[in-house]
Amino acid sequence: MSVPYSEHAVTIFCSAQHRFAQRRSIGIAELQGERLILRESGSTTRKAIENALAVAGVVAEVVMEVASREIIREAVLQNLGIAAVSEVEYVPGPGLRAVRISDAQVRTYAHVVCLAERRESAIVRAFVQCAQDSRPDGHRETPPPASPWPSLTVSPGHEKARAERAFGEGLAAP
């Protein structure tokens, strides 16, 4: 079971020396040819920015693929390129600037996920209800519309494996 919880805009961040640094927003076409530092394959932020670039017909120059937010941040500070990050994960700091993408819906989604065999448990139902009642997006009752943007929804066949990795085998077993 997967219940939409929140959605987050993806923003670009750059060094204070970059040509985007003094701007509040850019058009996606302005990313054409930009030196782009990406997260690892499988990252939802990476999927979101790659999909948006593809839809817009924009080709950026990927200069690094990194699995660590901290290393990406340091590479951006050194002006090796720009990077994409979910707005809720962006950590401002000296020498960094966040710039919104004004003309494309680049978003990531967070979901509350539960093993199918556990969804009838009273505590799980109560937790899911609390999550639905406290959604930051205005208590949307239906999932986001189908779109090319990635989602954290997990297919039923992978729910158990993901839960076991996250919580250990003993907690994921029925």
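Which residue in β5 does Leu36 stand opposite? Leu36 stands opposite Ile82.

## Model and confidence

The structure is a predicted model. Mean pLDDT for the protein is 80, and 78% of the residues reach 70 or more.

Over residues 139-174, pLDDT stays under 50. For this stretch the model has 59 contacts beyond four places in sequence.

Strand β3 comprises residues 35-39. The strand is mostly covered, with four of its five residues buried.

One partner of β3 is strand β4, residues 61-66; the two pair in the parallel sense over five bridges. Within this pairing, Arg39 stands opposite Val66 of β4. Between β3 and β4 the chain passes through helix α1, residues 44-56, and this β-α-β crossover is right-handed.

Strand β5, residues 82-86, also pairs with β3 in the parallel sense, here over two bridges.

Asn79 lies in the loop between α2 (69-77) and β5. The residue has a positive phi of about 60°, although it is not a glycine. Most residues other than glycine have a negative phi.

Is Asn79 buried, exposed or partly exposed? Asn79 is partly exposed, because its relative accessible area is 35%, and a residue counts as buried under 20% and as exposed over 50%.

Terms used:
Residues numbered from 1 in each chain as written. Predicted model: local features only at pLDDT ≥ 70, side-chain atom pairs only at ≥ 80, totals over all residues. Heavy atoms only, no water. Buried < 20%, exposed > 50% of the residue type's maximum accessible area, 1.4 Å probe, protein only. Pairing = 2+ DSSP bridges. Right-handed = clockwise from strand over helix to strand, strands pointing away. pLDDT = per-residue confidence, 0-100. Contact = heavy atoms within 4.5 Å.
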